[in-house]
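Hello,

Here is the structure I promised to pass on to you. Please open it alongside this email, and my notes follow below.

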Amino acid sequence: MTTSTPIADVSALSFEQAVEELERIVAALERGDVALDKSIEIYERGEALKKHCEKLLNAAENRIEKIRLDRAGNPQGVEPLDNG
């Protein structure tokens with residue numbers, strides 16, 4: 001696994017790219033065959049990737065709208081999707 005990309009560069013990754021890299025980091029840490037200093041480095045990158053993914057998910061969630069229907073089932077407008 002290469003982690004030569006600085007933590008700040010995670011903002012340029014797509015959601016899919018960030019998740020893929022995060023999965024590789026988790027697998028490496030779970031194997032336990034990474035030196036302590038390298039473990040700390042990739043853990044910190046994993047945290048940055050996690051925050052980036054959460055940010056992208058929140059942004060996508062905020063863009064999703066649901067269509068309001070009138071009693072006859074006809075579209076009447078849109079409103080934000082409920083968060084919960």
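Predicted model: local features only at pLDDT ≥ 70, side-chain atom pairs only at ≥ 80, totals over all residues.

Let me start with the inside. The largest nonpolar core is made of eight residues: Val10, Ala18, Ile25, Ala28, Ile42, Ala48, Leu49 and Cys53. Two elements, helix H1 (15-31) and H2, each give two or more residues to this core. H2 provides the largest share, with four residues. As you will know, nonpolar side chains in soluble globular proteins tend to be buried together.

Apart from neighbours within four places in sequence, alanine 18 is in contact with Leu13, Leu49, His52 and Cys53.

That brings us to histidine 52, which sits in helix H2 (residues 36-63). Is histidine 52 buried or exposed? Its relative accessibility is 8%, so histidine 52 counts as buried, the cut-off being under 20%. A polar atom of its side chain lies 3.2 Å from the backbone oxygen of valine 10. Again leaving out neighbours within four places in sequence, histidine 52 touches Val10, Ser11, Leu13 and Ala18.

Now for the outside. Ile67, Leu69 and Val78 make up a nonpolar patch on the surface, and together they have about 290 Å² of accessible area. Of these residues, valine 78 belongs to strand E2 (residues 75-80). Valine 78 counts as partly exposed because its relative accessibility is 42%.

Note on methods:
Residues numbered from 1 in each chain as written. Heavy atoms only, no water. Patch = residues over 30% accessible without salt bridge, like charges linked within 9 Å, V, L, I, M, F, W, Y side chains within 5 Å. Areas by Shrake-Rupley, 256 points an atom, 1.4 Å probe, with all protein chains shown as cover. Salt bridge = Lys/Arg side-chain N within 4 Å of Asp/Glu carboxyl O. Buried < 20%, exposed > 50% of the residue type's maximum accessible area, 1.4 Å probe, protein only. Polar contact = N/O pair within 3.5 Å; in protein donor to acceptor, adjacent residues only side chain to side chain. Contact = heavy atoms within 4.5 Å. Core = buried A, V, L, I, M, F, W, Y, C linked by side-chain atoms within 4.5 Å.
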